[in-house]
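Subject: Handing over a structure

Hi there,

Here is the structure I promised to pass on to you. Have a look at it first, and then read on for my notes.

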Amino acid sequence: MKIPKSTLEQWQVLQAIVECGGYAQAAEALHRSQSSVSYMVAKLQEQLGVELLEIDGRRARLTRNGEALLNKARELLGDAFQLEQLAGSLADGWEPQVSIAVDSLFPVELLVKVLREFEPWARHTVVNLEETVLSGSEDALVEKRVDLAIVSRIPSGFLGDALMDIEFVAVAHPCHALHALGRELELDDLSRNLQIVVRDSGTLNPRDHGWLNANQRWSVTSPHTRMEMICNGIGFGWLAEHKIKQQLEQGLLKPLPLRVGQRRKLSLSLVVANPELAGPGTCRLANLIRKVVADGIQLRPLCE
């Protein structure tokens with residue numbers, strides 16, 4: 001194993017000399033004697049075989065080679081400080097990684113706000129976000145892939161907190177054949193038309209929420225793709241109302257005049273996979289989710 005000739009301490013001394021403007025100032029800033037500062041830089045230059053500093057009047061300035069090397073050394077010093085901060089976070093119990101599965105129905109505005117609020121606390125914690133459909137978040141809990149999950153159904157063996165209700169409305173493009181009937185619609189009317197549904201991302205106990213068991217049914221994996229298809233006149237479907245507010249206002253979508261069943265409701269819950277063993281990062285993220293949902297979707301400005 002190769003061992004570097006130079007040390008981080010030597011590079012830190014060199015950086016101090018440059019930033020403070022001289023050997024004496026650097027010695028004072030580092031709480032060292034001036035002789036020790038001079039010796040460390042002289043030793044560093046000897047080890048590398050490169051002149052790093054030159055004296056310009058009373059100031060010590062980097063040579064061209066010294067500037068190139070110190071720029072790289074600054075990166076190493078920064079990495080070393082981050083390593084120490086990471087060690088401090090781990091010593092405080094912060095997890096190196098927090099994984100969360102989020103049902104695609106959870107409002108993106110809320111998710112963004114949660115992550116923005118969490119980021120300053122989790123400088124050394126990696127966040128793994130898995131976006132799911134229907135039973136996908138349940139699978140992630142059962143298979144122990146995540147620390148937290150936002151689910152539409154709490155799987156057996158877990159406890160959760162109710163977060164919010166999601167309202168669905170049956171919609172189609174205003175020019176769709178179902179709207180052209182000009183009357184209240186029945187189930188038979190729907191069964192004779194193409195329904196666009198989103199395929200369950202889970203595999204353990206997949207569900208068919210909202211399907212009519214009609215032969216005319218297309219399945220997609222992306223909720224956004226389904227919305228775009230229906231907005232462009234391809235089929236109909238029950239879409240989350242908060243996801244299509246703009247499309248309804250723009251006239252790209254129009255609620256279907258169903259006699260019964262035009263609107264549906266689904267509840268989302270927050271589940272901590274293992275509350276007794278949850279670390280500070282997992283607990284803080286869970287609390288932020290609860291708080292942000294309770295406060296609503298008004299986002300904090302980026303600059304205050």
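To get your bearings, where is the place of His31? His31 is in the loop between helix H2 (23-30) and H3; helices (H or I, at least four residues) and strands (E, at least two) are DSSP runs, numbered from the N terminus.

Two notes on the ground rules. This is a predicted model, in which local features need pLDDT of at least 70 and side-chain atom pairs count only at pLDDT 80 or more, while totals for chains, interfaces and linings use all residues. Residues are numbered from 1 along each chain as its sequence is written, and side-chain values use heavy atoms, with hydrogens and water left out.

**Two residues with positive phi**

Most residues other than glycine have a negative phi. His31 has a phi near 60°, a positive value, and is not a glycine. His31 counts as exposed, at 75% relative accessibility; buried means under 20% relative accessible area, exposed over 50%, and partly exposed in between (1.4 Å probe, protein chains only). Lys144, not a glycine either, has a positive phi of about 60°. Lys144 sits in the loop between helix H6 (136-142) and E5, and is exposed, with a relative accessible area of 75%.

**The start of the chain**

The UniProt record, an unreviewed entry, carries the annotation "domain: HTH lysR-type" for residues 7-63. UniProt positions are given in the numbering used here, feature names are shortened, and annotations may be inferred rather than shown by experiment. Over residues 7-63 the chain is 63% helix and 14% strand, with 20 Å between the end C-alpha atoms.

Two helices to look at here are H1 (residues 8-20) and H3 (residues 34-48), whose axes come within 9 Å and cross at roughly 115°. Axes are lines fitted to C-alpha atoms, for helices over the stretch in contact, and angles run from 0 to 180 degrees between N-to-C directions. From H1, the contact is made by Glu9, Gln10, Trp11, Val13, Leu14 and Ile17; the H3 side brings Val37, Met40, Val41, Lys43, Leu44, Gln47 and Leu48. Contact means heavy atoms within 4.5 Å.

**Around Trp238**

How many aromatic pairs does a search of the whole structure find? It finds 1. Phe236 and Trp238 form this pair, which is edge-to-face, at 6.1 Å centre to centre with 65° between the planes. Rings of Phe, Tyr and Trp (its six-membered ring) pair if their centres lie within 6.5 Å; planes under 30 degrees apart count as stacked, over 60 as edge-to-face and the rest as tilted. Phe236 is buried, with a relative accessible area of 0%, and Trp238 counts as buried at 6%.

Arg264 lies over the face of Trp238, at 3.6 Å from the ring centre; a charge sits over a ring if NZ of Lys or CZ of Arg is within 6 Å of the ring centre and within 35 degrees of the ring normal. Another such case is Arg284, whose charged end sits over the ring of Trp121, 3.6 Å from its centre.

Arg226, in helix H9 (residues 223-231), also reaches Trp238: leaving aside neighbours within four places in sequence, Arg226 is in contact with Ile196, Val197, Val198, Val220, Trp238 and Leu239. Arg226 and Ile196 are 30 residues apart in sequence and 6.4 Å apart in space, C-alpha to C-alpha. Is Arg226 buried or exposed? Arg226 counts as buried, at 13% relative accessibility.

Asp103 lies in strand E3 (residues 97-103) and counts as buried at 2% relative accessibility. Beyond residues up to four places away in sequence, Asp103 touches Thr132, Leu134, Ser137, Ile150, Ser152 and Leu268. Ser152 is in the loop between E5 and E6 and is buried, with a relative accessible area of 13%.

Ile154 lies in the loop between strand E5 (148-151) and strand E6 (160-172). Ile154 is partly exposed, with a relative accessible area of 33%.

Happy browsing!
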